[in-house]
Amino acid sequence: MLSQTQRKAILRCLIDKVVIQRARRDQIHTRIVWHGGETTTFEVPVAVGALTDLPTAHEMAQQIRGLFAEGQSDDEMARQLTQHGYRSPSRPAVLPSTVQGLRLKLGLMPNRSQSHPRRIAGYLTVPQLAKALGITPHWVYHQSKRGTVVIQRDAQTRLSLFLPTAPRRWRRLGSCGRAI
């Protein structure tokens, strides 16, 4: 019945003052003092930049470990965590993507092939080569595009593979301070 302007005017007549304090990084403590002296106090959740900024992040990670062991999907875990009072950094509910990110960070993979690096006899994968050289995999891929590094694509596993017994032209990597 009332317009928004009228509702605001009524609230201004009823409220004496509003006091807000940053209780924690992810929460604002709010107290409304009404005319007549009564007060209303509540907490307002605030969006934060990272999951680690939430004080319940460690507890949520432990919950995810248990729920994953039970065989639950990311969607089911997100729903249950929301019911238990957890939240994502920027939302009041736990998102499946938040669960997935935490699960992957914890090394919890649904498929066995995801949980360990693949090993192909006689070859190195790009991450294995990068680790052996002390460089990033992106640098190896870049050198492959330039033709400096010869990488073969395995049709069966779809992995980019490097043969350690490389031709002599590969020795040019030594000019960058990195040699095999």
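Predicted model: local features only at pLDDT ≥ 70, side-chain atom pairs only at ≥ 80, totals over all residues.
## Where H3 meets H4

Let's start with helix H3, residues 74–83, which packs against H4 with the axes 8 Å apart and at an angle of about 110°. Angles of 65 to 115 degrees count as roughly perpendicular, so that is the label H3 and H4 get.

On the H3 side, the contact is made by Asp74, Asp75, Met77, Ala78 and Leu81, and H4 brings Pro96, Val99, Gln100 and Arg103. Sort the residues of this contact by type and you get five nonpolar, one polar and three charged.

## The nonpolar cores

The largest nonpolar core has 16 residues, and those touching the most other members are Leu51, Met60, Ile64, Leu81, Val94, Val99 and Leu102. Helix H2 (57–69), H3 and H4 are the elements that each give two or more residues to this core. H2 supplies the largest share, with five residues.

Take Leu51 as an example: leaving out residues up to four places away in sequence, Leu51 touches Ala57, Met60, Pro89, Thr98 and Leu102. There's also a second, separate core of 10 residues, with Val126, Ala130, Trp139 and Phe162 among them.

## Ile120, out in a loop

Ile120 sits in the loop between helix H4 (96–105) and strand S4 (124–125).

Setting aside neighbours within four places in sequence, Ile120 is in contact with Thr157, Leu159 and Leu161. Leu161 is 41 residues from Ile120 in sequence, yet their C-alpha atoms are 8.3 Å apart in space.

Technical notes
Residues numbered from 1 in each chain as written. Heavy atoms only, no water. Helix = DSSP H or I, 4+ residues; strand = E, 2+ residues; numbered from the N terminus. Contact = heavy atoms within 4.5 Å. Axes fitted to C-alpha atoms, helices over the stretch in contact; angles between N-to-C directions. Parallel < 35°, antiparallel > 145°, perpendicular 65-115°, else oblique. Nonpolar A, V, L, I, M, F, W, Y, C, P; charged D, E, K, R; others polar. Core = buried A, V, L, I, M, F, W, Y, C linked by side-chain atoms within 4.5 Å. Buried < 20%, exposed > 50% of the residue type's maximum accessible area, 1.4 Å probe, protein only.
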